[in-house]
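Hi,

Here is the structure I promised to pass on. Have a look at it first, and then read on for what turned up.

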Protein chains: 2
Amino acid sequence: MKPAVVLLSGGLDSATVLALAREQGFACHCLSLDYGQRHGAELNAAARVAGALGAAAHRVLKLDLGQLGGSALTDSSIAVPTSGVQPGIPVTYVPARNTIMLSLALAWAEVLGAQDIFVGVNAVDYSGYPDCRPEFVRAFEALANLATKAAVEGKPLRIHAPLIDLSKAQIIAQGRRLGVDYGLTVSCYQADADGRACGLCDSCRLRREGFAAAASPDPTRYCLDLT
Amino acid sequence: MKPAVVLLSGGLDSATVLALAREQGFACHCLSLDYGQRHGAELNAAARVAGALGAAAHRVLKLDLGQLGGSALTDSSIAVPTSGVQPGIPVTYVPARNTIMLSLALAWAEVLGAQDIFVGVNAVDYSGYPDCRPEFVRAFEALANLATKAAVEGKPLRIHAPLIDLSKAQIIAQGRRLGVDYGLTVSCYQADADGRACGLCDSCRLRREGFAAAASPDPTRYCLDLT
């Protein structure tokens, strides 16, 4: 099996990407980033998902992006919006997060001799983050193919973003087909210590609407009764 | 003064870049990465250089790239070559290091509202690393201008690599002109705890040859008598 690096946050999207990468026959080396997010529930979920979906390895790198500030996800003094998805780039945007995570995936890919990196960015049902757009993914691939020893030696690197054009409902349908247990995943920006979701942040709203649109039961555990 | 982010390793090149950025009138926010390098002398040097050259701020992010392995600089079981600069990419190459460091600089630039990042990469007297080439720098700038909120809002980001076409002797001449005290800097891959250089690794050799070619006294403190 060829090795690949899969960025795994512990949320719905990256769990689906892991299942898709496995289906394509890759030995999946999952990478998570402990970047100072508001809660550890997401990283616990990443470990569960990696185990359940047969990852070849799972590594968690620690990098305190809170030292740089600038996001509701790393600065607890900035409130997470809960009144619905608004136009524009929200305060939950973490500056350069996907650039940083892809860079770390690139480093590991190079050490492993892997030519494939999988990332769960999505440009349809997403929160308006600039680093989730197809042109961003293509620009990172171009960069990667200049940045590494492997590239210099003529081994191209591919960035796979298999969810980029899918709706949340389509992503969920793919995951269901591949047996992903979404009850293991945590998408909420402010999950509680037990991993229960708020149900009201943008990430929860997009996820809930996805399960509804997919006519699929929502296995998420919520703090509040949202029915 | 406009803010800029300056990547500062503590070596000769990045100290010169800081002096050049200051000369251009930027308020320099210096970023160093504690990535698990073999010794702390370089980071101590970065702090001294930031202080001596009037940085507006200096921050050290910690990220253990040794968890990913693959380099003599982060894995003490791989020896640092000392027999002279060879063709090809050496074992001191740290996979994706410049991509990672520029990504972190990009994050901080976005938080600061800075549109300028300075990096001391050099494609003349260098160690053959792929991520020191002009085409790499241009590809990162293209990526940065798709990756951020500022870019979406029409504020372009520039990656400045003012040393890219200079020889080591020319770099030293620039630094001398601007009053850089190279005695504060540490370039050695395996400096001792006191910050003294081995004199024999590729980085020491390029530095020594640079001082000789610039006909400039070499203020480096060496472990051995190299005369």
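Before the tour, one term: helices and strands here are DSSP runs, at least four residues long for a helix and at least two for a strand, and they are numbered from the N terminus. Please also keep in mind that this is a predicted model.

Let's start with chain A on its own. Chain A has seven helices and five strands. Reading from the N terminus, their order is β-α-β-α-β-α-β-α-α-β-α-α. The C-alpha trace of chain A spans about 55 × 40 × 30 Å along its principal axes. For 227 residues, a compact globule would have a radius of gyration near 17 Å, and chain A agrees with that because its own value is 17 Å. Of those 227 residues, 53% count as buried. If you take the contacts in chain A with a separation of 6 or more, 71% of them are between residues 24 or more positions apart.

Now for how the two chains relate.

What does each chain bring to the contact? Chain A puts in 36 residues and chain B puts in 36 residues. On the side of chain A that touches chain B, at least two residues each come from β3 (57-62), α3 (97-112), α4 (134-147) and α5 (149-152) of chain A. The biggest giver there is α3(A), with nine residues. Sorted by class, that side of chain A has 24 nonpolar, six polar and six charged residues. The copies meet through the same surface, because 100% of the interface residues of chain A are also interface residues in chain B.

Next, the inside. The largest nonpolar core has 154 residues, and A:L18 and B:L18 have the most contacts inside it. Which residues does B:L18 touch, leaving aside its neighbours within four places in sequence? They are B:V6, B:L8, B:C28, B:C30, B:V49, B:L53 and B:A55.

A few helices are worth a look while you have the model open. Helix α3 of chain B (residues 97-112) has 16 residues. From its first C-alpha to its last, α3(B) reaches 23 Å, close to the 22 Å expected at 1.5 Å a residue. Is α3(B) largely enclosed or largely open? It is largely enclosed by the rest of the structure, because 14 of its 16 residues are buried. Just after α3(B), B:G113 takes a positive phi of about 75°.

Just after α2(B), B:G54 has a positive phi of about 70°.

You can find helix α2 in chain A at residues 41-52. There, the buried residues are A:A41, A:E42, A:L43, A:A45, A:A46, A:V49 and A:A50. They pack against α1 (12-23), β2 (26-34) and β3 of chain A. Just after α2(A), A:G54 takes a positive phi of about 70°.

B:A96 has a positive phi of about 60° although it is not a glycine. You'll find B:A96 in the loop between β3 and α3 of chain B. Is B:A96 buried or exposed? It counts as buried, because it has 29 C-beta neighbours inside 10 Å, where 20 or more are needed. The other one is A:A215, with a positive phi near 50° in a residue other than glycine. A:A215 lies in the segment after α7 (202-213) of chain A. With 9 C-beta neighbours inside 10 Å, A:A215 counts as exposed, for which the cut-off is 12 or fewer.

Over to you, and enjoy looking around!

Notes
Residues are numbered from 1 along each chain as its sequence is written. Chains are lettered from A and ligands numbered from 1 in the order in which they are written. This is a predicted model: local features need pLDDT of at least 70, side-chain atom pairs count only at pLDDT 80 or more; totals for chains, interfaces and linings use all residues. The expected span of a helix is 1.5 Å times one less than its number of residues. A nonpolar core is a set of buried Ala, Val, Leu, Ile, Met, Phe, Trp, Tyr and Cys residues joined through C-beta atoms within 7 Å. Two residues are in contact if their C-beta atoms, placed from the backbone, lie within 7 Å. Ala, Val, Leu, Ile, Met, Phe, Trp, Tyr, Cys and Pro count as nonpolar, Asp, Glu, Lys and Arg as charged, and the others, Gly among them, as polar. The radius of gyration is taken over C-alpha atoms; the globule rule is 2.2 Å times the number of residues to the power 0.38.
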